[in-house]
Amino acid sequence: MKLLIVEDEIELLNATCGYLEKEDFVCESAPNFFEAEDKLISYNYDVVILDINLPDGNGLDLLKFIKQKSPETGVLIVSAKDSLDDRLKGLDLGADDYITKPFHLAELNSRVNSLLRRRKYEGNNNIVYQEIEIDPVAKTTVANGVKLDLTKKEYFLLLYFITNKNRVLTKEAIAEHLWGDNIDMVDNFDFIYTHMRNLRKKLKKSGANDYLQTIYGLGYKFGE
């Protein structure tokens with residue numbers, strides 16, 4: 001899952017990114033309003049961790065922009081202890097949760113995972129699609145009772161497809177989601193085909209149906 005962390009305290013920003021990356025999130029960061037707005041215009045995120053007290057703009061304006069551009073994106077507000085009014089405004093504007101400073105990174109991680117379960121997994125701990133079941137906590141996948149030996153990228157690729165089932169996903173969107181905005185520097189996206197081929201092979205070996213469809217000229221779709 002791909003996160004954007006908007007935080008002007010650089011030490012906290014780096015610590016948060018480092019911790020969540022160890023939890024296998026793809027993390028991008030923005031230390032101010034301007035950079036956050038630029039990233040939100042250019043990219044999509046599963047969750048935005050948003051400090052609403054920014055030196056060069058109001059984080060609540062970013063929240064409004066997120067909800068207009070991609071209402072499916074989850075937003076977790078970060079605020080100071082004494083900014084109750086801002087937290088309430090944020091929740092009224094569509095934020096999913098909030099956490100006050102100072103906070104433990106383990107609690108932040110738990111809140112992000114809880115938010116993802118509500119928004120992406122329909123409130124379930126495990127994600128089930130037909131004969132395929134994914135455990136996001138253990139990061140394991142079973143198909144027809146057979147545990148799949150997936151690489152980390154194959155696992156997150158399958159998770160991305162299932163949580164976006166029946167939607168056409170371009171190679172660019174897949175690459176950006178799994179590798180972050182640094183993917184802009186690559187010349188082509190042929191490596192996506194290799195991951196798709198290997199994932200297909202492993203699903204087929206387990207006896208699962210082939211739900212991965214190539215939509216020529218557009219990208220890929222997961223579904224019947």
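**View 1. Secondary structure of the chain.** In this predicted model, the chain contains 8 helices and 14 strands.

**View 2. Overall dimensions of the chain.** Taken along the principal axes, the box filled by the C-alpha atoms comes to roughly 55 × 35 × 30 Å. The radius of gyration of the chain is 18 Å, which agrees with the value near 17 Å that a compact globule of 224 residues would have.

**View 3. Surface and charge.** The chain exposes about 11300 Å², of which carbon and sulfur atoms supply 48%, while 46% of the 224 residues count as buried. The side chains include 29 that are positive and 37 that are negative, and a distance of 7 Å lies between the centres of these two sets.

**View 4. Surroundings of A143.** When residues up to four places away in sequence are not counted, A143 touches E131, I132, L148, S206 and A208. E133 stands 10 residues from A143 along the chain, and the C-alpha atoms of these two residues are separated by 6.3 Å.

Note on methods. Residues numbered from 1 in each chain as written. Predicted model: local features only at pLDDT ≥ 70, side-chain atom pairs only at ≥ 80, totals over all residues. Heavy atoms only, no water. Helix = DSSP H or I, 4+ residues; strand = E, 2+ residues; numbered from the N terminus. Rg over C-alpha atoms; globule rule 2.2 N^0.38 Å. Buried < 20%, exposed > 50% of the residue type's maximum accessible area, 1.4 Å probe, protein only. Areas by Shrake-Rupley, 256 points an atom, 1.4 Å probe, with all protein chains shown as cover. Lys, Arg positive; Asp, Glu negative; His and termini not counted. Charge placed at Lys NZ, Arg CZ, Asp CG, Glu CD. Contact = heavy atoms within 4.5 Å.
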